[in-house]
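Open the model in your viewer and keep the selection tool at hand. The tour goes from one selection to the next and says what is found at each stop.

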Amino acid sequence: MTTDFAPLPASASPSAAAASTTTGSIAFAPSPQEAYLMRIGDSCLIHAQRLAEWSGHAPILEEDIALTNLALDLVGQARALLAHVGQQTGFDEDQLAFLRDERDFVNVTLVELPGRRAGRDFADAVLRNLLLAAWMNVLWAKLQASNDGEVAAIAGKAVKESRYHVAHAADWVVRLGDGTDESARRMRQAVERLWPYTAELFETDAIDTAAAESGLGPMRVSLKAEWEAIVAPVFAQARLPIPASGAFRSTGSRGVHSEHLGYLLAQMQTLQRSFPGGVW
Amino acid sequence: MAVPSSSARVKRAWDVLHGVLDPEVPAISVTDLGIVRDVVEHDGGLEIVVTPTYSGCPATEVIAQAITDALTAAGLAPARVTQRRAPAWTTDWITPRGREKLRACGIAPPGACASAAPIRLMARDVDCPHCGSAQTERLSAFGSTACKSLYRCVACREPFEHFKPI
């Protein structure tokens, strides 16, 4: 393996060196079709980054391996979608992942909520895995019928991977929700924290409608019944209550994020920002 | 598997590919794994059409490099590897010979891929690749690579890996 990092100028002061080697953001103005795909790709990418934070920190070694394997699938799915959008917009997948500003990311807010680093419970991680894997499973299944052949092909692979993600997350939700008093209490707290963010997964807007009308992919509201058909039986088996729906709506997929995404991006992007074009 | 065209060069390429091993499961070749979908002869050289196993498989680039290296070493250059995503790779494409090689090196081969199975039912009928016992239990849903899970044989007490059907 060789590294290809641009060396820092030896004579420059640290601040000057930083300024001279920090890469600015790309100007990314996606069409509605591209934005629709970026919502999915960004949700995979940010979810993967949060899962990767557990590497070396999961409660048991097997789960450490599992979480990073899930992240690997998600990175692969994100790469495929970002590369596909990049071909249409003139950017490569790395530029789209590492050189966009926070407001240009359109992942659902649920994936960016703090993970291990902010002291969040492992219960949050396994619950989020279930909520998202079920959503992506239903979404990928419908995207197999996309009129964009590349999207349909990506979905054909990803839907099979998402089945394993759902099964694994469901195992954990039941194990903890129907486990000890302590694990059940913490799962219930995780449900209270995360459930309000699931409403965004089924919100519909102009981008969503345009995608459905053109045959690119389904409207998100059309995913809800099948998502509930996966999630509700797991909650029942885990003895977890499904909260009533509320008025709160998160807005990550419109580019308006929680305070947490900026910190995540700062860490995820720092290498490409500081060492432009650095490769493994 | 796609029927290759019958030129001598294409036939030789297939022979070479039978000897290119999967870097993550070096017991079996890329053709036994079922990821080589076609070998096409163009004016400018050979095109090897490969379907990736998993979306995030880190071996994808390594496999492409190993294929071009092997073909170059056999005097069949220029050769390039292209990706074909659809139809998606499935463990059903692993050849009978590939399954036997997996078993021989201690990895339980995948069963048939039942895409319509209920989502929470995981494979419970995995036989031990060492002693053949059906009395096995899963230790971990994920193993050393994304494509495998960890099992233990209750009969002979040996741990083993299982290639997940997908």
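This is a predicted model: local features need pLDDT of at least 70, side-chain atom pairs count only at pLDDT 80 or more; totals for chains, interfaces and linings use all residues.

Residues are numbered from 1 along each chain as its sequence is written, and chains are lettered from A and ligands numbered from 1 in the order in which they are written.

**Stop 1: the core**

With A:Ala134, they are the residues with the most contacts inside the largest nonpolar core, which has 116 residues. Such a core is a set of buried Ala, Val, Leu, Ile, Met, Phe, Trp, Tyr and Cys residues joined through C-beta atoms within 7 Å. A residue is buried if 20 or more other C-beta atoms lie within 10 Å of its own, exposed if 12 or fewer, and partly exposed in between.

Now select helix α5 of chain A, residues 122-143: the largest share of this core, 16 residues, comes from there. Domain 1 (8-89) and domain 2 (95-163) of chain B both give residues to this core, so the core lies between them.

**Stop 2: chain A as a whole**

Select chain A and switch to a cartoon view. Chain A has 10 helices and 0 strands. Helices (H or I, at least four residues) and strands (E, at least two) are DSSP runs, numbered from the N terminus. The C-alpha trace of chain A spans about 65 × 45 × 35 Å along its principal axes. Of its 280 residues, 45% count as buried. Among contacts in chain A with a separation of 6 or more, 76% are between residues 24 or more positions apart.

**Stop 3: chain B and its domains**

Select chain B, which has 3 helices and 7 strands. From the N terminus on, its elements run α-β-β-α-β-α-β-β-β-β. Buried residues make up 36% of its 166 residues.

Colour residues 8-89 as domain 1 and residues 95-163 as domain 2; these bounds come from an automatic or database domain assignment. The centres of the two domains, taken over C-alpha atoms, are 26 Å apart. Where they touch, 11 residues of domain 1 are in contact with 10 residues of domain 2.

**Stop 4: a sheet in chain B**

Select β4, β7, β6 and β5 of chain B: in that order they form an open sheet of 4 strands with mixed pairing. β4 (107-108) and β5 (136-140) stand at the edges, each with a single partner strand, so one side of each is left without a neighbour in the sheet.

Zoom in on β4 and on β7 (residues 159-163) of chain B, which run parallel and are joined by 2 bridges. Two strands pair if DSSP finds at least two bridges between them. B:Ala108 has B:His162, in β7, as its bridge partner.

Key. Two residues are in contact if their C-beta atoms, placed from the backbone, lie within 7 Å.
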